[in-house]
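This report describes selected local features of one protein model.

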Amino acid sequence: MKIVHRDLVPNGPGSVKMIPEEVDDLWHSYNLVSPGDSVLAVTVRKVMRDGASGGRDAERVKLKLEIKVQAVDYDKEGSVLRIRGKNILENEHVKIGQFHTLEIEQHRPFVLRKALAFQIPDPAASADLAVVLMQEGLAHIFLIGKSITTTRSRIEASIPRKHGPAIAGYETALNKFFENVLQAFLKHIDFKIVRCAVIASPGFTKDQFHGYLLLEAERRELRSIIENKSRLILAHATSGYKHSLREVLDAPNVMTLIKDTKAAQEVRALKVFFDMLSNDTARACYGPKHVEVAHERMAIQTLLITDDLFRNSDIPTRQKYIKFVDSVKSSGGTAHIFSTMHASGEQLAQLTGIAAILRFPLPDLEDIEM
């Protein structure tokens, strides 16, 4: 996040003008903006003007609006932050009190004003793990942070078939592809921040790229790779697409290295939950009602809950879950708060967003209506 200007009172109100430079920054902004704040940004709005023929023509004009925030939504697919509220800045096209939705994207500045104190998080320090998912002609570089998995780069190339007349161009095309992946690797992976970098693929693509990476590092004296080659881990993946991330994180050699990171703890806890749900159903439950009853009986050993429940638009509901997590912890249980921006959080969200591993069996829970 680039901070352009700040006007803050210590532990009090203030404003910050910022520019989201990465997808992480939009996610952090989503967690930062709350109903009651005001946001100022340049936006586009359709207005009606009198046409030359006497009719009314619609025209899109660029405006600077400031709105009092009523709702915030983050579109993770389009990487857009949508902030809806009432206009509070005098404007010839938009009256005071009219509703408008500001769309904040990467590299688009905005000003956030708060009546209460706030802190700007540093997304650059939040990545525990880097993953290069590959297959011939396709690679993705992901950074897995404390609150979000971000796609830092996508590299595509046309690789000729290894057999037949095109075989002469195969090695050349493959080396060019590896070179593009290497450049993205150097740009996006900082070993001062990440614990390790996993290179994963089906077949031998990962081994070929790993060999290319080390050879070029020695030839070009790339110190960041040479000094950290022990932190390069190879793992199997069925494809070079994002859905294969889950199997990479499940790999024993990866789990050993990142066992104390937040992402690994979540994956491990979710795996234990699903194993319990399959093998000892009386010691696993999900859904608000079942989990609440389990807590009333002091049975929760591990609580799994998504951060979506903490951002519920209904404030009493939000407060209820915050108190619930505190109560579980105070009774000796542990709680994992899953980000729905991670694959594991998405998986938990499909199970109502809340689940629990129990200290002892509660077979009668299944008889309680959800």
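A residue is called buried when its relative accessible area is under 20%, exposed when it is over 50%, and partly exposed in between. The model discussed here is predicted.

**Positive phi angles**

Methionine 298 is not a glycine, yet its phi is positive, at about 55 degrees. This methionine 298 sits in the loop between α8 (288-296) and β14 (300-306). Because its relative accessible area is 45%, methionine 298 counts as partly exposed. Histidine 107 likewise has a positive phi, near 70 degrees, in a residue other than glycine. Histidine 107 belongs to the loop between β6 (99-104) and β7 (110-114), and its relative accessibility of 56% is why it counts as exposed.

| Residue | Phi | Relative accessible area |
|---|---|---|
| Methionine 298 | about 55 degrees | 45% |
| Histidine 107 | near 70 degrees | 56% |

**Helix α2**

Helix α2 covers residues 167-188, 22 residues in number, and spans 32 Å from its first C-alpha to its last, close to the expected 32 Å. Its buried residues include Tyr170, Ala173, Leu174, Phe177, Phe178, Val181, Leu182 and Phe185. An α-helix has 3.6 residues a turn, so residues three or four places apart point the same way.

**The second largest pocket**

The volume of the second largest pocket is about 320 Å³. Its lining comprises 15 residues, and Ala41, Val42, Thr43, Arg108 and Pro109 lie nearest the centre. At least two lining residues come from each of β3 (38-50), β4 (56-75), β6 and β7, with β3 giving the largest share, five residues.

Technical notes
Residues are numbered from 1 along each chain as its sequence is written. This is a predicted model: local features need pLDDT of at least 70, side-chain atom pairs count only at pLDDT 80 or more; totals for chains, interfaces and linings use all residues. Side-chain values use heavy atoms; hydrogens and water are left out. Helices (H or I, at least four residues) and strands (E, at least two) are DSSP runs, numbered from the N terminus. Buried means under 20% relative accessible area, exposed over 50%, partly exposed in between (1.4 Å probe, protein chains only). The expected span of a helix is 1.5 Å times one less than its number of residues. On a 1 Å grid over the protein atoms alone, a cavity is a set of points where a 1.4 Å probe fits but cannot get out, and a pocket is an open set with protein on both sides within 12 Å along at least five of seven lines; lining residues have an atom within 4 Å of a point. Grid points are joined across faces, edges and corners, and a volume is the space filled by probe spheres set on the points.
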